Amino acid sequence: MTVMNSSCMLCVWDCGIKATVEDGKLVKTEGLAEHPITEGYICPRGENLPAYVYSDSRLLYPYRRKNNSLERITWDQALDTCAENLIKVKEKYGSKSLAIFCGSVGVENIEVAAFAQRFKSAYNTPNLLSVENICYRLRILARQMTFGRYPGEDYRKAECIVLWAHNPDGSKGMLAKTIREKLTAEKMELIVIDPKKTAMAELGLHLQIRPGTDAALALAMLHVIINEDRCDNEFVENYTKGFPELKEHVRQYTPEWAADVTGVPATDIKIAARIFAQSNASCIMQGINTLDQHQNGFQNSRLLSLLQIVTGNIDKPGTWVTIPYIRMADLRLPMEEKPIGADEFPIFHSVWGRVSPYGIATLFPKAVLEGKPYPIKAGIVTAANPLVTYPDSGLYKKAFEALDFRVSIDPFINETAELADILLPACTFLEKGSLGYVYGVVLCEPYAMLRKKVIEPLGESRPDWWIWTELAKRMGLGEYFSWKSEEEIFDYLLEPSGFRDELKNQLGVFFADKGYYQYKTAGFPTPSKKIEIYSDTMKEYGYDPLPGYVEPAQSPVSTPELFKEYPIILISGARRQEYAHSQQRNIPVLRGLNPEPLAEMHPATAQRFGLIDGEKVNIKTQKGSLKMRLKTNEAMMTGVVSVPHGWGSANVNQITTIESREPVTGYPDFKAILVRVESAYGF
Ligand SMILES: Nc1nc2c(c(=O)[nH]1)N[C@H]1C(S)=C(S)[C@@H](COP(=O)(O)OP(=O)(O)OC[C@H]3O[C@@H](n4cnc5c(=O)[nH]c(N)nc54)[C@H](O)[C@@H]3O)O[C@H]1N2
Ligand SMILES: Nc1nc2c(c(=O)[nH]1)N[C@H]1C(S)=C(S)[C@@H](COP(=O)(O)OP(=O)(O)OC[C@H]3O[C@@H](n4cnc5c(=O)[nH]c(N)nc54)[C@H](O)[C@@H]3O)O[C@H]1N2
Ligand code: SF4
Ligand SMILES: [Mo]
């Protein structure tokens, strides 16, 4: 029996784990108390890693689809078929007709994303359609355009935490644990902005907001702070550009106006603004995707930045601070061609000469089905399940069906893989080594560890890097994939970091200090060298240089006629600890903890529409209908229904839409759409 230190990569938090292995078999996983960031925390998924890795649903051999059933084939057959078809598509339609989808697991497993990037550039297609085009990158871009670099949230030292569209009990367990500990041990203010009175909201000041109206609340908070002269004037004067314009701009956004728009009482808006401005170290913990997937997405992120800026909560302990990055080798190769959507969403494609490697994923169906701006004919999907996780699943299904050739690289057969011509069995993270490195960006801790391989790959499953390498070799692209082992890959990737050897010998490495007060010597790397409250770049591209308020694309105010027919606001995708997105429904122990999807609604709303707790309902939009059990919950805002995402059997994205996109980045509008909810029994 051996006990190994490693980390969990079932999601981005990368919690330290202690893995017990008996006769080569993983028998137990526990939290790793010695891990300096996660300190022994793991969630139910982390506790049940043996059930995950040995699941009966694992894909352990390569398969091909033949006459609508799966036929087991050898790796040679599988890779040769992929190479042959991908070469054929390239010869017939050009290299950009291949799209590669990479999901959130790809972001978390560095080599999955890095090898997808490498392959994409070696094949010479610009069309990497990553989850970065539906999640998180938007806020990175918005903050970069404001500060010149991305500041992260130094929440452990904060004296006031604002959970803005964020429920860490479901999505980020360690943060929830830290907040509870801080509330008991020290004087700390907590403000929660959410249409649902979550368990966290019970612990602080709760602003129950109409979905999609967060920008109005932020503008009114800025109004109060500026009007009541609660700004950090010294900071604002010395380090920002455009404050006088902001002062003028927010004059119109009174708390009374915002109360009408958001449903939050004006007095609560004032109190929240005062608490936030008065505290010595205020830190907004912005929902990880929730505020992005809105009409106001980019401007929401800009507005939260402005709240931090005018109160001087930048680069000091407990606020938004500059995060050091690991210097790593870049596996990308230079690329001339632009991906789909680069012209429509120029800021997402490139700002100040920094070019993004991603296309606009919500334009994929148009490229496939209408050939615009050019046809996409083949797809490789790795570490993603777009048929469940992207908006308007019906349309994505049509698009995938229309492709000439489809490949899935995944440890399981997900809904997207069910359409694949070739299924390649990737092993799970437990069967390969990797680098745990995301703490810097998402947890604001400059810490990295080498995550050790815990067991050998099951069946004929293989690590992602091996799969891409072997595929590339068969396509005559072997020269770009010369690494022969995991060790060689990480030696190469980490060479510039300066701490490669330390990593091998220690649990992990704090590789830098946090960048407190860096601006005092280095300024901000924007064109003006100051924080850009007023953004000339936004203006140049035709967007508002100062963020304003736009109603959701569908709402009682923007589409009153539609509201008559669809009188409830749907929010989707609130997280629960048992599952990551569309994964783990096939793990019985986790399914037992969260057996079926539930649509949550306030009892008064249910009563208004003649619905009863526990009954099956149809949730309808113009796109279609979704059947789910109703759970009444007094914590919900009235007039709102909250539906989880990721259930293949009751997929909320069958009724979401692709037609309204966030205007700067093309992100889908997953939150705040109008629905009708009816008894499924027709009563
Ligand atoms: N309506 C609605 N839809 C949403 C959201 C929402 O809030 N509401 N949230 C969106 C957000 S924020 C995100 S990030 C996306 C996530 O969307 P996706 O990333 O598409 O979602 P997952 O279901 O996590 O798919 C991950 C796949 O990777 C596979 N996998 C696991 N480990 C490995 C590995 O090591 N290698 C390979 N090759 N594959 C692996 C899993 O088996 C699984 O099939 O969903 C989005 N969809
Ligand atoms: N267990 C688990 N954890 C995960 C994931 C997972 O799938 N499972 N996915 C990971 C990923 S990729 C992501 S992006 C994050 C997502 O993380 P977040 O985006 O932070 O999502 P949640 O923490 O679930 O919190 C969303 C909250 O926002 C509220 N809300 C919905 N609409 C609005 C709105 O318009 N305004 C406001 N103010 N609030 C609103 C909901 O009621 C809910 O309580 O979670 C990550 N962590
Ligand atoms: S939160 Fe859970 S799934 Fe995510 S890394 Fe930690 S233990 Fe794994
Ligand atoms: Mo996400």
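Predicted model: local features only at pLDDT ≥ 70, side-chain atom pairs only at ≥ 80, totals over all residues.
Residues are numbered from 1 along each chain as its sequence is written, ligands are numbered from 1 in the order in which they are written, and side-chain values use heavy atoms, without hydrogens and water.

Strand β17 covers residues 378-382; strands are DSSP runs (E, at least two residues), numbered from the N terminus. It runs parallel to β6 (residues 98-102), joined by 5 bridges, and parallel to β18 (residues 405-410), also joined by 5 bridges. Two strands pair if DSSP finds at least two bridges between them. Cys-102 has Thr-382 as its bridge partner, while Gly-379 stands opposite Arg-406 in β18.

Ligand 1 is surrounded by 35 residues (a heavy atom within 4 Å). Among the closest are Ser-104 and Asp-464. Polar contacts are pairs of N or O atoms within 3.5 Å; those with ligand 1 include the following.

| Side chain | Ligand 1 atom | Distance |
|---|---|---|
| Thr-382 | nitrogen | 3.2 Å |
| Asp-410 | oxygen | 2.7 Å |
| Asn-653 | nitrogen | 2.8 Å |

The residues around ligand 3 include Cys-8, Cys-11, Cys-15 and Cys-43. The shell around ligand 3 divides into 7 nonpolar, 1 polar and 2 charged residues.

Conventions
Nonpolar A, V, L, I, M, F, W, Y, C, P; charged D, E, K, R; others polar. Buried < 20%, exposed > 50% of the residue type's maximum accessible area, 1.4 Å probe, protein only. Helix = DSSP H or I, 4+ residues; strand = E, 2+ residues; numbered from the N terminus. Polar contact = N/O pair within 3.5 Å; in protein donor to acceptor, adjacent residues only side chain to side chain.
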